[in-house]
Amino acid sequence: MAELKFDDLDKVFKGTTTKRYTVLVEAIAKGNPLSMQDGTNKKLTYADKTIEKLFKSGNIEKLKTDYGNKLPLFKSGSTDIKLNQIFKSSDFGGGSGSGGGAEETARNESSQCLYAALAWYVYGKQIPENQKITKADFTKAYAKCSTTETLESMIDLPEDWHKSSIWGANKLYTLYKGKTYTFHRGSNYVDKIENTFKRINKVEGAFGNLNKWSPADIYMITEKGKTAIDNDISKATNLGDLNKRMIKHYKSGDVVGVSLKKIGTSAVKFSENNIEPNKVDVTYQSTQVVAESKKSLFESMDIYLIHSKGKIQFRSFGGTVLSGWQGEGKGATANQGKISLGPLNFILKQNGVPTLPIDSASKATSPSNAYFKQFYDAAKFIQAKGLAKTQKAFEADWKVADKPWRYSKYLGILLAERIARLSVSKRHKLMTDIYLYSASKSNFAGPYAKIE
């Protein structure tokens, strides 16, 4: 596996002036995991403020000179990470993955804007598949776009993406041709929407990243929509308020976010998401704190919430690092999405349930008497299998358990205890919200259309 180097970060993406280090900066800012040389995926933070400032300013040469590969630039939890421990994925110009690299993604999403503008403003109709599109046609359409890519990078697409862009443009034109749009990817107006979400999410902690709230890749915006973004959407004070405003302007057709997938046929699938409250009801069935094959809660660090559509496993996925506690949906054939501690706490709060502590890692190494009492009392309330008869005996068992168990099981036991104290109807409501979030169908998510 190729390692990431400073020279890779200082290169620009083909057909743009954007340097590749921006992918790394964006991943850290959004909390997106990065592929490591050892095959794992880790969320990174900067090792210190100086390094953060150098990365954000793009001063790669100074980073290379002052730090090189001898000193760590990042942290994953409490673990130091050097640059050469990061895998040079397709996002940084390495081998292409199943979804293509960031360079191709930017080009393909921006191209969908360009081709939509062709249908609206050059041809005034659906684009024939055999249409010979001239440079003049592209130039005229480009004037109605605000994207991250240059015109030159989009006018010579591979055949499969050329067809995908035509089919996507035709579907959008058929559905929305009565409106006068400009087409946006990464524009100032998109930034205003996304920054409003980030401002609110920083306080509420509802979503792990922007894409969980809205996976919209491009936006179609009218002049009225631009005013709405400036004077209405950007003024939202909380997540419910933001979604209400976004839905209002989505329904009017003035601010339409669109999630894109590569299209392989002219029979394009179209769907609308999070426009109306999700009607899915999930029935809570039980909580499994200790597997039937185990004798004691000390034998595993996880718990399971079992519901009518499957189950969600809650545990630490950070290995020996005391971080990464989250829920992961389990289906018959594959995992079905995740929910981390921050969003789970948001959902608990929305349902009137006490949130889980965010300092479980420190308590795993420096426990207090209050911590032991809370842990033991919660386990006793839910009648956890293998629990010692006294708190003193429990503490003795706890002290021989490893730190990842202490970190992970504590949160799991508290979650199980909180659910056990709820009425049946409130358990079902909470379970539904947790399930929908992990399945990316949250009632707290923003509105968007999808073509594929």
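**Figure 1. Radius of gyration and overall dimensions of the predicted protein model.** A compact globule of 452 residues would have a radius of gyration near 22 Å, and the protein, with 25 Å, agrees with this; the radius is taken over C-alpha atoms, and the globule rule is 2.2 Å times the number of residues to the power 0.38. Along the principal axes, the C-alpha atoms fill a box of roughly 80 × 55 × 40 Å. The protein contains 17 helices and 16 strands, these being DSSP runs numbered from the N terminus (helices H or I, at least four residues; strands E, at least two). This is a predicted model, in which local features need pLDDT of at least 70 and side-chain atom pairs count only at pLDDT 80 or more, while totals for chains, interfaces and linings use all residues. Residues are numbered from 1 along each chain as its sequence is written, and side-chain values use heavy atoms, with hydrogens and water left out.

**Figure 2. Confidence around residues 95-100.** The mean pLDDT (the predictor's confidence in each residue, from 0 to 100) is 91, and 95% of the residues reach 70 or more. Over residues 95-100, however, the pLDDT is below 50, and this stretch has 9 contacts in the model beyond near neighbours in sequence, a contact meaning heavy atoms within 4.5 Å. Where pLDDT is low, the predicted coordinates should not be read in detail.

**Figure 3. Helix 2 and the residue that follows.** Helix 2 spans residues 21-30, and its buried residues include Y21, V23, L24, V25, A27 and I28; buried means under 20% relative accessible area, exposed over 50%, and partly exposed in between (1.4 Å probe, protein chains only). Just after this helix, G31 takes a positive phi of about 75°.

Figure 4. R199 lies in helix 8, residues 188-204, and is partly exposed, with a relative accessible area of 40%. Leaving aside neighbours within four places in sequence, R199 is in contact with S234, K235 and A236. The C-alpha atoms of R199 and T237, which are 38 residues apart along the chain, are separated by 9.1 Å.

Figure 5. Most residues other than glycine have a negative phi.
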